Amino acid sequence: MCLNTMHVIKIKKCVDNKILQWFFRRSFVRCVDVLQLSPYHWTQVLRYHWTQVLRYPNVYWSNSQRSFHSKKIQRPVGGGRPLVNQDDIFKCNNWDNVEWDAEQERSAKEITENQWKSKLSQEKIDEYEDEAGSHWDTFYGIHQNRFFKDRNWLFTEFPELLPPPDEASGNKPEETCVSAVNGSSFNLLEVGCGVGNTVFPVLKTNQNPNLKIYCCDFSPTAIEIVKNHPDYNQDRCHAFVCDISDEMSTIPISDNSLDIITIIFVLSSISPEKMQYVVNRLTRYLKPGGTILLRDYGRYDLAQLRFKQGRCLSENFYVRGDGTRAYFFTQDELKQIFEKAGLVEKQNLIDRRLQVNRGKQLKMYRVWMQCKYVKPCSSTN
């Protein structure tokens with residue numbers, strides 16, 4: 001016999017203690033819906049936990065307070081969980097700043113060299129280039145807003161996206177030639193916005209009334225999803241269709257008008273021959289002192305090493321099964337692209353992570369690039 005509505009009401013009436021109410025909310029759905037406990041067994045569960053509350057009141061109370069009032073502890077910039085002892089590798093799901101040994105580098109290089117040997121024909125390469133927009137449009141038509149999660153981690157890695165510090169708190173903003181204090185305009189462009197996984201977390205977190213977010217994507221389907229989002233506000237956000245790599249495409253933004261440009265896992269989807277043009281073009285829209293924030297795939301990332309034969313378009317540039325493409329960068333390549341556009345390096349780092357599947361005892365090495373490049377204050381072009 002399973003619990004019905006009357007049983008639930010009777011049990012809930014008996015749970016007057018706040019701590020047990022917390023336990024009831026936390027455990028009822030899990031225990032009853034999953035295990036389908038009978039009223040007798042559910043009573044036994046409550047009795048057991050009541051005994052534990054009396055025995056360890058501080059533990060239960062602190063847990064309830066934490067669940068209701070505390071925020072999730074943020075991962076520190078650059079990661080805060082280094083792998084010191086190799087014997088501990090399967091004790092956690094993620095490890096930060098994991099260094100590769102020479103053998104691992106050699107093996108990864110050998111895999112990419114073999115991929116390069118089965119490079120696609122020039123005809124197929126041109127076909128994927130010509131149909132790049134339609135492949136992404138099909139992608140968003142299938143997945144809608146269900147594929148990518150909101151990038152709430154951005155505020156840890158890129159605090160520039162947070163609202164300006166409160167002067168009353170004593171925290172002073174970093175001195176630049178761009179004014180980002182309350183009362184002044186703050187303009188941001190998200191390139192390759194997709195369905196808004198960066199845009200909407202920023203809009204929700206940064207309540208600066210003078211914030212204006214421009215966001216573009218060359219998928220009309222993605223832009224339509226953004227505009228239909230309940231948090232889309234035309235007063236604070238302007239979404240438009242644009243292929244940033246196409247010289248004929250127009251952008252409704254004036255030169256030297258943007259404080260920040262974000263390109264998150266976007267530059268890698270553009271043909272390497274067009275990357276320099278894209279960064280040069282974006283630099284024009286930055287204010288002197290404005291910043292480009294980039295996060296993208298790094299050389300020998302797991303995603304690169306998993307590509308099978310017949311997926312290589314050019315060196316370190318691949319096409320996925322759905323027709324979308326990905327390039328895998330090094331620090332020197334990104335440094336050359338941004339500095340050639342006249343920008344000054346503020347950050348250029350490799351984020352190496354080790355993700356493990358403890359059940360299957362699998363190790364997955366991820367490599368991402370993270371950059372911040374600033375337009376000099378003396379620059380006007």
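Predicted model: local features only at pLDDT ≥ 70, side-chain atom pairs only at ≥ 80, totals over all residues.
**The chain as a whole**
- The protein chain has 13 helices and 11 strands.
- Of its 381 residues, 45% are buried.
- Take the contacts in the chain with a separation of 6 or more: 73% of them come from residues 24 or more positions apart.

**Helices α11 and α13**
- Helix α11 covers residues 272-285 and helix α13 covers residues 331-340; the two pack at about 45°, and their axes are 8 Å apart.
- That angle makes α11 oblique to α13, because oblique takes in the angles between roughly parallel (under 35 degrees) and roughly perpendicular (65 to 115).
- The crossing of α11 past α13 is right-handed.
- On the α11 side, the residues that meet α13 are Met275, Gln276, Val279 and Asn280; on the α13 side, they are Gln336, Ile337, Phe338 and Lys340.
- Sort the residues of that contact by type and you get 4 nonpolar, 3 polar and 1 charged.

**Aromatic pairs**
- Searching the whole structure turns up 9 aromatic pairs.
- One of them is Phe317 with Tyr327: the ring centres are 6.2 Å apart and the planes sit at 50°, so this pair counts as tilted.
- Phe317 belongs to strand β8 (residues 317-319) and Tyr327 to strand β9 (residues 325-327), so to speak two ends of a link between distant parts of the chain, 10 residues apart.
- Tyr327 also pairs with Phe329, with ring centres 4.9 Å apart and planes at 65°; that angle is over 60, so the pair is edge-to-face.
- What about burial? Phe317 has a relative accessible area of 3%, so it is buried.
- Tyr327 counts as buried too, at 8% relative accessibility.
- Phe329 is at 1% relative accessibility, so it also counts as buried.
- Elsewhere in the ring-pair picture, Phe265, Tyr297, Phe307, Tyr318 and Phe328 are linked into a cluster.

**Gln331**
- Gln331 lies in helix α13.
- With a relative accessible area of 28%, Gln331 is partly exposed.
- Look past the neighbours within four places in sequence, and Gln331 is in contact with Asn348, Leu349, Ile350 and Met369.
- Leu349 is 18 residues from Gln331 along the chain, and the C-alpha atoms of the two are 6.9 Å apart.

**Two asparagines with positive phi**
- Asn97 isn't a glycine, yet its phi is positive, at about 55°.
- You'll find Asn97 in the loop between β1 (94-96) and α5 (102-117).
- Asn97 has a relative accessible area of 41%, so it is partly exposed.
- Asn256, the residue from the opening question, has a positive phi near 55° and is likewise not a glycine.
- The loop that holds Asn256 runs between β4 (237-241) and β5 (258-264).

Note on methods: Residues numbered from 1 in each chain as written. Heavy atoms only, no water. Axes fitted to C-alpha atoms, helices over the stretch in contact; angles between N-to-C directions. Helix = DSSP H or I, 4+ residues; strand = E, 2+ residues; numbered from the N terminus. Parallel < 35°, antiparallel > 145°, perpendicular 65-115°, else oblique. Left-handed = near helix turned anticlockwise from the far one by under 90°. Contact = heavy atoms within 4.5 Å. Nonpolar A, V, L, I, M, F, W, Y, C, P; charged D, E, K, R; others polar. Phe/Tyr/Trp six-rings, centres within 6.5 Å; stacked < 30°, edge-to-face > 60°. Buried < 20%, exposed > 50% of the residue type's maximum accessible area, 1.4 Å probe, protein only.
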